[in-house]
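Dear colleague,

Please find the sequence and structure below. The findings follow in the order in which they may be read beside the model.

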Amino acid sequence: MLEEKFIIVEKSPALERKVVTIQGSKNSALGIVAAACLNDAEVQLNNVPDLRDFRIIREMLRKNGIKFEMKEDYCLVDSSNCSSYQLDYAITADFRASYYFIAPILKKFKKVSLAFPGGDDFVSRPIDQHFKGIKKLGGIIEESKDQYTVYADKLIGNDIHFDLITSGGTMNIMLISTLAEGRTVMTNCATDPEVVDLAKLLNKMGHRIVGAGTHKITIYPSKTKVNKKIVHTVIPDRLIAGTFLMLPGIVGGEITISNAVPEHLESLIYTLEEMGLQISYSKEGLTSKKIGPLTGHRCVTGMYPLFATDLQQPLTALMLYSNTDSSVQDNVYYHRFSHVEELSKLGVDLVRKDNIAYVKGNSFQKLKKGVSVNCRDVRAGTCLLLTALGIDGETRLYDIKHLLRGYEDIVGELSNLGMKIRFSS
């Protein structure tokens, strides 16, 4: 299995101008697949990425009688034969977004039982805001050590204010609110493109979602069944698009992304331009080009549309190759710095104080070759991979299961771009 191998990376040549297409958004597709299970007829989903989480979901849904069939270019979802209120505990504990599937099971059985979610661990990813929303709608939650059960004999629309902005909470309560009687108004919502994508599918199903993409979302549940096949295409992954836009800053050259949505990447584009990359738009897509030395940057993360926490680790790799000092302040996940210790193995002079990491300019001059590092989460792995592409000699990346959680074929895609990267034999 690929997850049991390690990845070998060597210093790579400058990118010759090539066009790449970005896979579908994982964070969007997780909610979209769950929403498709709410429909009363088959749903065709295009651009769902072929990732481990979705293979896990397919197995979980199969055990509950729900069809999730992954074809080469699309997926088919049909929940008409859903047969159990209990979602497999081992499976739901294995990935963070298992809570999205509360809604479709509640619709069928008025109760659902599942494990507390897993996935990347940044010390704490609490789901208290999810529970708050469920209770405000009239749901009852019974908790045990590792699992919980939600009961919802009758859900009633309500006003729900999130104590903090949460993408997962916004999407999950939006899903569950479609089961309620009457209108639900959510405030202090996440404004992410993934939230908007989910709202578009729910609208196709006959619900009326107003305000997605703002901090106030109103849900008017449909009162009738929609017994027709629905087709929906998942948005491209803005986090992967952002990573590829950084690539020329490390190896040189230029790259064009054919299907990126520039509006989803504005905060990153501003940052890359300030650091010295040239970003341009054309009919072919969004192009990133290195035109001279990079300068450092002070990055502060926040909820969308501010700089994404998921991109601060890859951006750190770019900072290593700038000629002045930089810093990264993560205000979303204070402990999302697992890459710091691994970068130190490569000789990086990087200091972390609380939720801020300080990067010395010209750090690339001290990078060591022949070093082994561990990908502790998907974005940390991305940081290490990007860093290694500029190091003379081989760098070995272990624990690549985390890296592979986010990319369909990162080794193949980079190899096709001329990068020196391969799996161990």
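Does Asn 362 count as buried, partly exposed or exposed? At 27% relative accessibility, Asn 362 counts as partly exposed; buried means under 20% relative accessible area, exposed over 50%, and partly exposed in between, with a 1.4 Å probe and protein chains only.

This is a predicted model, in which local features need pLDDT of at least 70 and side-chain atom pairs count only at pLDDT 80 or more, whereas totals for chains, interfaces and linings use all residues. Residues are numbered from 1 along each chain as its sequence is written, and side-chain values use heavy atoms, with hydrogens and water left out.

**The protein as a whole**

The protein contains 14 helices and 23 strands. These are DSSP runs, numbered from the N terminus: helices are H or I with at least four residues, and strands are E with at least two. The radius of gyration is 22 Å, close to the 22 Å that the globule rule gives for 425 residues, so the protein is as compact as a globular protein of that length. This radius is taken over C-alpha atoms, and the globule rule is 2.2 Å times the number of residues to the power 0.38. Along the principal axes, the C-alpha atoms fill a box of roughly 65 × 45 × 40 Å. Of the 425 residues, 56% are buried.

Strands of a sheet pair through backbone hydrogen bonds, either parallel or antiparallel. Four bridges link β7 to β8 (residues 147-151) in the antiparallel sense, and Glu 142 has Thr 149 in β8 as its bridge partner.

Two helices accompany this sheet. Within α5, Gln 129, His 130, Phe 131, Gly 133 and Ile 134 are buried. The buried residues of α5 pack against α4, β7, β8, β9 and α6 (167-177), where contact means heavy atoms within 4.5 Å.

Leu 155 is placed in the loop between β8 and β9 (159-161). With 7% relative accessibility, Leu 155 counts as buried. Leaving aside residues up to four places away in sequence, Leu 155 touches several residues, including Leu 137, Ile 176 and Leu 179.

**A hairpin**

In a regular strand the side chains alternate between the two faces of the sheet. A hairpin of three residues joins β4 to β5. β4 and β5 (residues 74-78) pair in the antiparallel sense over four bridges, and the bridge partner of Glu 69 is Leu 76 in β5.

**Cysteines**

The structure has zero disulfides, a disulfide being a pair of cysteine sulfur atoms within 2.5 Å. For Cys 82, the nearest cysteine sulfur is that of Cys 37, 8.1 Å away. The sulfur of Cys 375 is 9.8 Å from the closest cysteine sulfur, in Cys 383, which is too far for a bond. Cys 82 is buried at 8% relative accessibility, and Cys 375 is buried at 0%.

**Backbone details**

Most residues other than glycine have a negative phi, and most peptide bonds are trans. Asn 362, which is not a glycine, has a positive phi of about 60 degrees and lies in the loop between β20 (356-359) and β21 (371-374). Asp 399 also has a positive phi, near 55 degrees, and is partly exposed with a relative accessible area of 39%. The peptide bond from Tyr 304 to Pro 305 is cis, with omega near 15 degrees. Pro 305 lies in the loop between β17 (298-300) and α10 (312-320).

Yours sincerely

Key:
Pairing = 2+ DSSP bridges.
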